[in-house]
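This briefing covers local contacts, ring pairs, helix packing and backbone features. Please read it alongside the sequence and the coordinates.

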Amino acid sequence: MQLTATDDVFVLTGAGISAESGIATFRDANGLWENHKVEDVASPEGFARDPATVWRFYAQRRAQALTVAPNPAHRALAALEARLGDRFLLCTQNVDGLHEAAGSTRLVHIHGELMKTRCSDPGCERPPFVDTRHDFAELPRCACGALQRPHIVWFGEVPFEMHAIKRRVQRATVFVCVGSSGVVYPAAGLVAEMTYRKSMGERVRSIYVGLERPANAREFDEVVLGKAGLVLPALVG
Ligand code: NAD
Ligand code: ZN
């Protein structure tokens with residue numbers, strides 16, 4: 001990928017970039033996420049029905065995340081950021097924390113963070129906080145009395161910072177997507193902004209890197225098939 005001195009790079013990552021670190025993507029297992037139905041452990045309805053199962057699930061995810069390390073794909077993006085500075089932004093759908101572990105700082109977690117907890121009452125003013133607890137004796141509660149919940153965007157909930165992210169995509173000249181199946185919206189729709197700008201005559205480009213063609217493959221100028229940990233370091237230099 002040839003970058004010029006004025007390129008502004010926007011990167012969107014999905015579960016595939018963390019696969020080589022040993023974290024399962026959930027498309028790999030027929031919609032099951034570590035043997036759970038996604039709607040049971042990743043929806044507000046699932047949490048309302050059975051908060052203990054949901055907390056057990058995220059406690060396991062936290063315990064696992066504490067044992068894994070970033071791979072060459074995460075490191076390649078941190079190195080690219082070091083070169084480009086403010087002409088770079090990384091938007092991740094992953095909740096695992098591996099991008100920051102690799103050194104990324106210009107980073108937005110649109111689907112939340114595994115190692116944060118917040119009050120489940122939307123009216124409560126206590127902010128999300130860093131929380132690595134993963135062996136609860138009882139369900140964690142906020143000082144206001146409501147149950148606490150993982151600071152994660154579940155299905156049916158609105159991703160964080162989408163307005164700012166869209167504005168940033170509108171000024172990017174290069175859009176790179178890594179390891180995302182292209183079925184979870186609105187994130188999967190971001191690349192369409194580049195397609196629109198191309199149709200208006202702007203010189204912008206988009207590239208997908210992953211194991212298989214994503215559902216939104218036709219939006220990309222280029223699809224490079226392969227493992228992120230092999231392809232990305234070579235691609236970004
Ligand atoms: P997805 O599971 O739907 O798709 C993963 C994609 O990565 C697939 O297209 C697959 O072919 C590709 N892939 C698998 N191994 C790869 C590799 N080594 N290199 C490159 N690509 C590879 O993931 P998604 O599109 O991110 O959507 C799933 C949602 O689930 C996200 O919102 C995310 O928040 C959540 N999730 C997060 C994690 C995590 O934080 N690591 C893990 C599972 C799911
Ligand atoms: Zn509260």
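Leu 139 is found in the loop between strand S7 (129-130) and S8, where strands (E, at least two residues) and helices (H or I, at least four) are DSSP runs numbered from the N terminus. The model is predicted: local features need pLDDT of at least 70, side-chain atom pairs count only at pLDDT 80 or more, and totals for chains, interfaces and linings use all residues. Residues are numbered from 1 along each chain as its sequence is written, chains are lettered from A and ligands numbered from 1 in the order in which they are written, and side-chain values use heavy atoms, with hydrogens and water left out.

- Leu 139 is partly exposed because its relative accessible area is 30%; buried means under 20%, exposed over 50% and partly exposed in between (1.4 Å probe, protein chains only).
- Setting aside neighbours within four places in sequence, Leu 139 is in contact (heavy atoms within 4.5 Å) with Pro 51, Ala 52, Trp 55 and Leu 147.
- Arg 149 has its charged end over the ring of Trp 154, 3.9 Å from the ring centre; a charge sits over a ring if NZ of Lys or CZ of Arg is within 6 Å of the ring centre and within 35 degrees of the ring normal.

**Aromatic rings**

- Rings of Phe, Tyr and Trp (its six-membered ring) pair if their centres lie within 6.5 Å; planes under 30 degrees apart count as stacked, over 60 as edge-to-face and the rest as tilted.
- By this rule there are 7 aromatic pairs.
- One of them is the edge-to-face pair of Phe 57 and Tyr 58, with 4.9 Å from centre to centre and 85 degrees between the planes.
- Phe 57 counts as buried because its relative accessibility is 1%, and Tyr 58 is buried at 2%.
- The charged end of Arg 61 also sits over the ring of Phe 57, 4.8 Å from its centre.
- Ring pairs link Phe 10, Phe 175, Tyr 208 and Phe 220 into a cluster.

**Helix H4**

- Glu 81 is in helix H4 (residues 72-84) and counts as buried, since its relative accessibility is 3%.
- Beyond residues up to four places away in sequence, Glu 81 touches Phe 88, Ser 104, Thr 105 and Arg 106.
- Pro 72 is also in H4, but counts as partly exposed at 37% relative accessibility.
- The C-alpha atoms of Pro 72 and Val 231 are separated by 9.5 Å, although the two residues are 159 residues apart along the chain.

**Packing of H6 and H7**

- Helices H6 (residues 162-171) and H7 (residues 192-199) pack at an angle of about 35 degrees, with axes 9 Å apart; axes are lines fitted to C-alpha atoms, for helices over the stretch in contact, and angles run from 0 to 180 degrees between N-to-C directions.
- Val 169, Gln 170 and Arg 171 in H6 meet Glu 193, Met 194 and Arg 197 in H7.

**Backbone features in loops**

- Glu 161 lies in the loop between strand S8 (148-152) and H6, and has a positive phi of about 60 degrees although it is not a glycine.
- Glu 161 counts as exposed because its relative accessibility is 52%.
- Pro 186 lies in the loop between strand S9 (174-178) and H7, and the peptide bond from Tyr 185 to Pro 186 is cis, with omega near 5 degrees.
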